[in-house]
Amino acid sequence: MDDDNQPATVTGRTRYALCGLSVRGISVFAGPLLGRPDRPPIAPDTAPYADAGELVAILDRDADRVEQYRVAVDAKVPWYSPEQFDRMVTETRPDVILVATPDHTHVDYVLSGLTAGLDVIVEKPMVTSAEDAARVIAAAQDSPGTVRVTHNLRYAPRHQRLRQLIADGAVGRVTSVELVWNVGARHGASYFRRWNRTRARSGGLSIHKSCHHFDLVGWLIDAVPEQVFAYGARNFFGADSPHNPGRELTAAERTEADPYRWYETASAADAGPVRDSVGLSYPDQYPQRLSAYDPEIDIEDTYSVVVRYRGGASLNYSIQFSAPWEGYRLAVNGTHGRLETDLYYDVEPLPPAGSTPITHYPLFGAGRAYPVDGEDTGHLGADPLLVADLFRPTGDDPLGCRADAQAGAYAVAVGEAVWRSIKDNRPVNIADLLRTEAGG
Ligand SMILES: NC(=O)c1ccc[n+]([C@@H]2O[C@H](COP(=O)([O-])OP(=O)(O)OC[C@H]3O[C@@H](n4cnc5c(N)ncnc54)[C@H](O)[C@@H]3O)[C@@H](O)[C@H]2O)c1
């Protein structure tokens, strides 16, 4: 704890402690409660949930970064270091622990929160291994606290409409799902210049990124994953990349020869500190700039996956992390029809947001297109709806958007099954990874 810490006030609002002052932690947790550093001067609408919740503590290993944030939003929230979790809980008495640290550390903060009897809201992926997921499920059963995983893609208007159509029987019994996801070259390269690029810290992209997609499909079709088979490789990044300019060049020559350089922002080409998208630096996490060709990169950037679900449906999924456009193609087939949707973003020239409809093709009869609106804000329009449901929930959750620990565990386990299947060239059972009866 630092010298500036003040005793928390008693306000009657829900009290939140944030573990991880990350970009994501600021955009969906700290920002809505306190304000964002990238939108000065701090206007009332930059902290739209300040009346509903109070950020009573920030735990982060980087004191400098926390101080930058506190100065930017003019708030004296107490700072704690990672080993001071228990002290933070005692001194600031939070109701809820928010977790937005690098993925491999989620398990520690989720388990500590549950041990303290508190509710936990954790960014995806819930943890980075099925073994840790099983520990979280067991701890949640023994705690009065609950676990909620912010699988935000459930909140995207397009996905909510799809879920409703499927639940209403638009395709009959779901038989198969087709999902092709492309991550644009600029976005894809960013994973390989940050902590996400090692399995030890992210679980690999089949967990870190694809957990979104495995959760989305399981939720859309309301089915439990049973078995996974996958192929995968690293084709674009790492030391053996076909785009690697080579280490014999000087740093400046390497940057100049790097084809992904075109996507760098001006500040990323400077010698200055690594800054995030809200303008804060990470003096502790990134004392120097990382290259997308560094030898420590040990994860795949290309996957082809088949998942079988309980009840007989299957998913055919592929993703690559260096594509000329970003977006996806999704289709859900059933005994009585098919639903299709495409979404392209981060494409030049950009198509108008929400311009592609969901199309319903009944097996017998006329098709119908459903336009989709509200996709022009964070993550396909999902984030504002997620944040509202976190901090000012209204009513029930009819579409089941609030992912619990079991849902978080399935998304992680499918992602782990992917890299294990690739490694061992065999199908992997989800129940074996979670060491529970699938469905739990
Ligand atoms: N739902 C989404 O769409 C979405 C999008 C982006 C990121 N995320 C998730 O959000 C989380 C944060 O990702 P990010 O890219 O914004 O992170 P980031 O790299 O911007 O920040 C990480 C922060 O954690 C701190 N930190 C590092 N190790 C720590 C430790 N052991 N204890 C406490 N603090 C520590 C760092 O100092 C830094 O402030 C991740 O779990 C990521 O998977 C989710």
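## Helix α6

In this predicted model, helix α6 spans residues 157-167 and has R158, H159, L162, R163, L165 and I166 as its buried residues (buried means under 20% relative accessible area, with a 1.4 Å probe and protein chains only; helices are DSSP runs of H or I of at least four residues, and strands are runs of E of at least two, numbered from the N terminus). Viewed down the axis of α6, these buried residues fall within an arc of 165°, so they line one face of the helix, the arc being that of the directions from the helix axis to the C-beta atoms. G169, with a positive phi near 90°, follows α6.

## Domain 1 and domain 2

The domain assignment, automatic or from a database, gives domain 1 as 14-152 and domain 2 as 153-237 + 298-382 + 396-434. Their contact, counted for heavy atoms within 4.5 Å, takes 21 residues from domain 1 and 29 residues from domain 2.

Across the interface, 12 residue pairs are in polar contact, both residues at pLDDT 80 or more (a pair of N or O atoms within 3.5 Å, where within protein one must be able to donate a hydrogen and the other to accept it, and residues adjacent in sequence count only if both atoms are side-chain atoms). On the side of domain 1 that touches domain 2, α5 (130-141) and β6 (147-150) each supply at least two residues, and α5 gives the most, with six residues.

## Basis of the values

Residues are numbered from 1 along each chain as its sequence is written, and side-chain values use heavy atoms, leaving out hydrogens and water. Local features need pLDDT of at least 70 and side-chain atom pairs count only at pLDDT 80 or more, whereas totals for chains, interfaces and linings use all residues.

Definitions and conventions: Buried means under 20% relative accessible area, exposed over 50%, partly exposed in between (1.4 Å probe, protein chains only).
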